[in-house]
Amino acid sequence: MQSSIFNVRVPLPARDEVFLMNTITDAQLLVSSDVAALLDRELDRDGMWTAGADNREAIDLLTENGFLVPSREHDRRTLDAHLARVKSDATELHITLLTTLQCNFACDYCFQGDHGDYNKFADKMTLETAERVAAWIERELARVRPQYLTLMFFGGEPLLNVPVMYYLAERLWQSARELGVEQRISIITNGLLLSAEIVDRLVPFGLKGVKITLDGDRDMHNKMRPLRGGQGTFDRIVENVRAVAGRVGIAIGGNFDEQSAGSYPALLDFLKAQSFADKLVKVNFKPIVRAPEPAKPKGMLPLIPVSANGVPLKPLNGTCMTSAGAGGASGCDSCNVLDDQMSLLREETKRHGFPTPDGVPKGPCHVHLQHAHTIGPDGSMYACPGSTGEKSLSTGHIDDRSEPWRESARERFLRLSPWKECGDCAFIPTCAGGCVVASHTTFGDMNTPTCHKRTFESAVIALAQDVASAS
Ligand code: SF4
Ligand code: SF4
């Protein structure tokens with residue numbers, strides 16, 4: 001028997017204890033240092049040898065929770081089975097729907113939105129396409145028979161195309177119900193057009209959550225996320241949040257850089273003082289790192305790669321830069337990788353009493369899941385929200401057209417295995433090599449890992465401290 005390669009250990013010397021986590025079994029244990037030391041002992045097949053019979057109970061506990069395994073090969077086989085299971089999991093059919101690529105903001109860090117004549121040419125889903133999208137999803141529902149159908153409306157700014165949202169939500173609610181499937185809806189929006197009317201119309205069809213971005217306190221947000229004429233948007237968004245809080249779960253997100261990070265504590269103070277503070281279901285910030293050109297060596301990647309002048313190194317032309325792509329997704333929350341400032345902001349967020357993710361990766365992201373799809377305004381399909389920018393990365397079409405270039409992209413995504421470059425990293429079962437869109441954008445190779453291991457480690461340390469202080 002030997003220690004699993006998927007063990008993460010955090011010594012807590014003040015308590016003479018060690019926090020143990022296994023990323024494949026998801027087990028977490030707080031054990032004495034003596035018990036943790038058994039992981040380093042020479043053990044026979046029964047886990048005994050130099051450990052001695054006195055430690056039988058502890059060895060059984062470690063074995064049952066996956067911390068002790070028969071061999072390295074056993075770990076590898078378990079990993080393969082775990083990733084295959086995650087990939088084919090049919091519990092949920094998850095569809096990210098880009099109702100439009102148009103946007104009414106002119107965000108500083110985004111190529112999209114109301115800059116120049118982008119909106120003139122940006123796609124918007126028609127009701128006729130929406131009918132075909134619904135028909136495709138209905139076929140998938142009947143084929144996959146999931147427990148849940150999750151629709152995530154995203155853009156561009158999805159609320160610029162409300163008729164399509166209503167149509168899809170209502171029609172698919174009916175279809176899902178006929179099959180005994182529970183429909184759940186979420187919206188990622190800049191919040192400017194959010195209203196009680198929209199929320200009330202969608203709640204009966206499964207709307208559970210709305211995610212809104214605030215990029216710092218009032219002044220900073222107005223600078224980062226203005227309208228084209230430079231007018232601020234903070235006050236209007238906050239009023240809209242106030243109008244819908246309590247009717248639906250509201251999550252607040254934010255993108256910070258070196259300049260804006262300092263304004264987030266003031267934003268947290270502001271939010272805490274609002275009447276809707278206890279209605280916020282999640283508050284979570286992520287960094288924008290301005291990377292110098294030419295682009296970077298392998299290693300730590302920026303979440304939203306933009307050059308020093310604020311222009312994306314390679315525009316992800318599709319989904320909103322607020323939330324998707326280059327590891328910044330929240331179209332894929334798995335993308336919430338951290339840096340040191342993020343750890344600090346997470347602690348501040350917790351200190352203000354807001355629910356926030358612990359930063360420990362929870363599982364391979366949507367790009368690896370067979371039953372997660374992203375559909376663009378023209379019906380093109382993509383493996384994940386971050387890959388919508390390049391038509392050549394489209395993996396299919398709702399019309400089931402067979403086109404060689406989409407087929408070849410589909411094959412490329414099916415063959416993805418960046419974790420094979422990750423050696424014995426303990427986070428492979430939950431990280432699987434990181435954001436492949438970031439790899440594609442930065443290295444031109446989706447199979448090169450985008451590694452945020454150091455930040456995962458600091459998140460586990462914070463988790464260990466939380467667990468210890470609660471025990
Ligand atoms: S590859 Fe994964 S982490 Fe990156 S944008 Fe796509 S779903 Fe998100
Ligand atoms: S990308 Fe980094 S953290 Fe993720 S599995 Fe690979 S080595 Fe581990």
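**A guided tour of a predicted model**

Begin by selecting strand β13, residues 380–382; two bridges join this strand to β14, and the two run antiparallel. The model on the screen is a predicted one. Within this pairing, select Met-381 and then Gly-396, its bridge partner in β14.

Next, display the whole sheet to which these strands belong. Nine strands make up this open sheet, in the order β11-β10-β9-β8-β7-β6-β12-β13-β14, and their pairing is mixed. At the edges stand β11 (280–287) and β14 (396–397); each has a single partner strand, so one side of each is left without a neighbour in the sheet.

Now select helix α9, residues 234–244. Which residues of α9 are buried? They are Phe-234, Ile-237, Asn-240, Val-241 and Val-244. Seen down the axis of α9, these buried residues fall within an arc of 130°, so they line one face of the helix. An α-helix has 3.6 residues a turn, so residues three or four places apart point the same way. On the face turned away from the buried side, select the exposed residues Asp-235 and Glu-239. After α9, select Gly-246, whose phi is positive, near 95°.

Finally, turn to ligand 2. Among the residues that surround ligand 2 are Trp-419, Cys-422, Cys-425, Cys-431, Cys-451 and Lys-453. The shell around ligand 2 divides into nine nonpolar residues, two polar and one charged.

Technical notes:
Residues numbered from 1 in each chain as written. Chains lettered and ligands numbered in written order. Predicted model: local features only at pLDDT ≥ 70, side-chain atom pairs only at ≥ 80, totals over all residues. Pairing = 2+ DSSP bridges. Helix = DSSP H or I, 4+ residues; strand = E, 2+ residues; numbered from the N terminus. Buried ≥ 20, exposed ≤ 12 C-beta atoms within 10 Å, placed from the backbone. Arc of directions from axis to C-beta. Near = placed C-beta within 6 Å. Nonpolar A, V, L, I, M, F, W, Y, C, P; charged D, E, K, R; others polar.
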